[in-house]
Amino acid sequence: MSKWNLTNLKRNGDNLRIFIVEFTFLLIVVYIIIPDFVLRCIGIGSWKKQNTLGVAITFDDGPHPDYTPKVLDILERYKVPATFFVVGENAAAYPELIKEIQGQGHRLGIHCQQHICSWFLNPWETWSKWDEGVATLESLTGQKVELIRPPWGVFNMALWLWLRHRKMKVVLWNVEGFDWLTQRSPEQITKRVLRKTTAGSIVLLHDAGGQPGAPKNTICALESICRKIAVEKKLPFVSLDLTKNGLEASPACRWSWRTCRFVQTFCRSKYTSPITRRL
Ligand SMILES: [Zn+2]
């Protein structure tokens, strides 16, 4: 082979490598970074906070036969309504716990069929796993699923399209106790949740999952969280009900609370929820 041909072959090889790198980068930007930035970081198309003075408490990753009943006991004692974002396969394994959650008047949302990060799912897997999760929960509750929360709160483009197509509401959070870490003591979880909680907060805790044994700390912390938010912060617990939410009712904007904060200012008297008016 002549020297000219060899140089040409090398140049073509370099060009192909550059093309592959650029294409992969573009794919990551379009498939992961843009949807994740819009939905998670900015909060457009998702709910990170409610437009009410009440605090909504949410639990992810359950149900779990050891931990979920204990969480339910505490919530019942303190009359705190909560929302459970359950993993489809856990719900299928413990249908009686789903009935118990439902029976106590808590809300249920889906946290995907399996606890998998959306970044590592291709579009077909994304649609099928979310459809499967929704079908599992609907078959157990007999009610339509409206609320979703993706594992780790992360998105890909296929999930964004799926939730728009299926008309799902994405609920994220603005307060988390990092209770999925075993080394977080109940005192640390309580302190962090109290420090961050304000009117309208959505608090993320876990009744399963995380590092081994981590929900034990959540259960220890939950009682003081329920008590202190009511007594020290003087904030009521409310069910995560986005249909009564001022912003959602507002025809002006269906974006997130944070993005459309100005709407809250102008529409407060017309759209504030009953709990806000009571306060
Ligand atoms: Zn999770």
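Helix axes here are lines fitted to C-alpha atoms over the stretch in contact, and angles run from 0 to 180 degrees between N-to-C directions. With that in hand, here are the legends for the close-ups of this predicted model.

**View 1. Helix α7 crosses helix α8.** The axes of α7 (residues 186-196) and α8 (residues 214-231) come within 8 Å and cross at roughly 35°. The crossing is right-handed. On the α7 side, the contact is made by Pro186, Ile189, Thr190, Val193 and Leu194. Facing them from α8 are Asn217, Thr218, Cys220, Ala221, Ser224, Ile225, Lys228 and Ile229.

**View 2. Helix α2 also packs on α8.** Here the axes of α2 (68-77) and α8 sit 10 Å apart, at an angle of about 15°. Angles under 35 degrees count as roughly parallel, so α2 is roughly parallel to α8. As α2 passes α8, the crossing is right-handed. Look for Lys70, Val71 and Ile74 on α2, which meet Ile219, Leu222, Glu223 and Cys226 on α8.

**View 3. Strand β8 sits inside the structure.** How many residues of β8 (residues 202-206) are buried? The count is 5 of the 5, so the strand is largely enclosed by the rest of the structure. Ile202, Leu204 and His206 point one way from β8, while Val203 and Leu205 point the other way. β8 pairs with β2 (56-60) through 5 bridges, and the two strands run parallel.

View 4. The buried residues of α4 (residues 95-103) are Leu97, Ile98 and Ile101. Why do they end up on the same side of α4? They cover an arc of only 105° around the axis, and that puts them there. Turned away from this buried side is a face with the exposed residues Glu96, Lys99 and Gly103. The buried residues pack against α2, β3, α3 (88-93), β4 (107-110) and α5 (123-141). After α4 comes Gly105, with a positive phi near 85°.

**View 5. Strand β4 runs parallel to β3.** The two strands, β3 (82-86) and β4, are joined by 4 bridges and run parallel. Find Phe85 and you can trace the pairing across, because DSSP bridges define it: the bridge partner of Phe85 in β4 is Gly109. Along β4, Arg107 and Gly109 point one way and Leu108 and Ile110 the other. Whichever way they point, these residues of β4 are buried.

View 6. Most residues other than glycine have a negative phi, and most peptide bonds are trans. Lys79 lies in the loop between α2 and β3. Is Lys79 buried or exposed? With 9 other C-beta atoms within 10 Å, Lys79 is exposed, because 12 or fewer is the cut-off for that class. Lys167 is another non-glycine residue with a positive phi, near 55°. Lys167 is found in the loop between α6 (157-165) and β6 (169-171). Lys167 has 8 C-beta neighbours inside 10 Å and counts as exposed. For the peptide bonds, the one to check runs from Gly62 to Pro63: it is cis, with omega near -5°. Pro63 belongs to the loop between β2 and α2.

**View 7. Leu161 comes back to Trp127.** Leu161 is part of helix α6. How far apart are Leu161 and Trp127 in sequence and in space? They are separated by 34 residues in sequence and by 9.1 Å from C-alpha to C-alpha. Leu161 is partly exposed, with 14 other C-beta atoms within 10 Å.

**View 8. The whole protein, for orientation.** The protein has 11 helices and 8 strands. Of its 279 residues, 37% count as buried. Among contacts with a separation of 6 or more, 77% come from residues 24 or more positions apart.

Conventions. Residues are numbered from 1 along each chain as its sequence is written. This is a predicted model: local features need pLDDT of at least 70, side-chain atom pairs count only at pLDDT 80 or more; totals for chains, interfaces and linings use all residues. A residue is buried if 20 or more other C-beta atoms lie within 10 Å of its own, exposed if 12 or fewer, and partly exposed in between; C-beta atoms are placed from the backbone. The arc is that of the directions from the helix axis to the C-beta atoms. Two residues are in contact if their C-beta atoms, placed from the backbone, lie within 7 Å. Angles under 35 degrees count as roughly parallel, over 145 as roughly antiparallel, 65 to 115 as roughly perpendicular and the rest as oblique. A crossing is left-handed if the near helix is turned anticlockwise from the far one by less than a right angle, and right-handed if clockwise.
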